[in-house]
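Reader: I'm new to this one, and I'd like to learn how to read it. Can you walk me through it?

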Amino acid sequence: MLNYYSYPHTESKEWVTFVHGAGGSSSIWFKQVRDFKKHFNVLILDLRGHGDSKPTLKDTFKAKYTFDSITADIVEVIDHLKIKKSHFIGISLGTILIRNLAEKRPELVKSMIMGGAIIKMNFRSQVLMKVGNIFKSVVPYMLLYKLFAFIIMPKKNHKNSRLLFVNEAKKLYQKEFLRWFKLTSEINPLLRFFRTKDIKIPTLYVMGAEDHLFLPSIKNIVAKHVTSSLFVIENCGHVVNVEQPEMFNNQTIRFISSLRA
């Protein structure tokens, strides 16, 4: 089972589950846990191969990574803790996993908060993935990761986000990185499906105004999907929860609290 940390609340029955992105770990949520555990039961976890969810010998012989198999890892923890329903908060690739979980097990999902969400790969991000696929076996993965981090988070005020993700990615093994990278072949058809289907679960997208790769497509999807809303944080890039934690926490806690009213 994935490594996880849970913070039970003495009174609240509401659960909030945090899902990080590729190359991150549960530690990227430390500025959220402090505020959220005052109001809710909190669950943070390390996706397979990340943080303290170390790959085991048995993982070596498993079928290739898929979004479905990684989503099933998250569900296993939810079921183990007997959580009947949770709000889910994701960042970057974690938002794809949450949306996939909502498709597979909608009864578990009370709402979705998508930080730095990915709903469409634009031309630049497609080129980025193709270049990565060509060089992934010959270029050290950290060099590729640093390049990706710089293209996605290029500005001076994105520096802390870049450093955090690069430092977390250093804990991955080269083989683990390659397994995750192979998921990119699944992304386009999956995202196309998500764009066409409005799942009718309350969804808040929290995006940085400087998230140049992904913000335009989120604006389009929010205009089409009835249950979706968008909050844009100024002077902020892709990793909204790290760059503007106070603003992120205030908006997301307010959103969850409004659903209880």
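Predicted model: local features only at pLDDT ≥ 70, side-chain atom pairs only at ≥ 80, totals over all residues.

Reader: How many helices and strands does the chain have?

Author: Helices (H or I, at least four residues) and strands (E, at least two) are DSSP runs, numbered from the N terminus. Here that comes to 12 helices and seven strands. Of the 261 residues in the chain, 54% are buried, where buried means under 20% relative accessible area, exposed over 50%, and partly exposed in between (1.4 Å probe, protein chains only).

Reader: In what order do the strands of the sheet lie?

Author: The general idea is that strands of a sheet pair through backbone hydrogen bonds, either parallel or antiparallel. Two strands count as paired if DSSP finds at least two bridges between them. In this model, seven strands form an open sheet in the order 1-3-2-4-5-6-7, and the pairing is mixed. Strand 1 (4-7) and strand 7 (228-233) are at the edges with a single partner strand each, so one side of each has no neighbour in the sheet.

Reader: Which strands pair with strand 2?

Author: Strand 2 (residues 15-19) runs parallel to strand 4 (residues 86-91), joined by four bridges, and V16 sits opposite H87. Strand 2 also pairs with strand 3 in the parallel sense, again over four bridges, with W15 opposite N41.

Reader: Which way do the side chains of strand 2 point?

Author: In a regular strand the side chains alternate between the two faces of the sheet. In strand 2, W15, T17 and V19 point one way while V16 and F18 point the other, and all are buried. With five of its five residues buried, strand 2 is therefore largely enclosed by the rest of the structure.

Reader: Which residues of helix 10 are buried?

Author: An α-helix has 3.6 residues a turn, so residues three or four places apart point the same way. In helix 10, the buried ones are L215, S217, I218, I221 and V222. They cover an arc of only 155° around the axis (taken from the directions from the helix axis to the C-beta atoms), which puts them on the same side of helix 10. The face turned away from that buried side carries the exposed residues A223 and K224.

Reader: Which residues touch the most other members of the largest nonpolar core?

Author: In soluble globular proteins, nonpolar side chains tend to be buried together. A nonpolar core is a set of buried Ala, Val, Leu, Ile, Met, Phe, Trp, Tyr and Cys residues joined through side-chain atoms within 4.5 Å. The largest one here has 71 residues, and F36, I74, I89, I96 and Y205 touch the most other members. Contact means heavy atoms within 4.5 Å. Not counting residues up to four places away in sequence, F36 touches residues including V16, F18, V42 and I89.

Reader: Where are G90 and N100 found?

Author: G90 lies in strand 4 and is buried, with a relative accessible area of 0%. G90 and H20 are 70 residues apart in sequence, yet 5.8 Å apart in space, C-alpha to C-alpha. N100 belongs to helix 4 (residues 93-104) and is buried at 2% relative accessible area. Leaving aside neighbours within four places in sequence, N100 contacts F67, D68, T71, L190 and F194.

Methods
Residues numbered from 1 in each chain as written. Heavy atoms only, no water.
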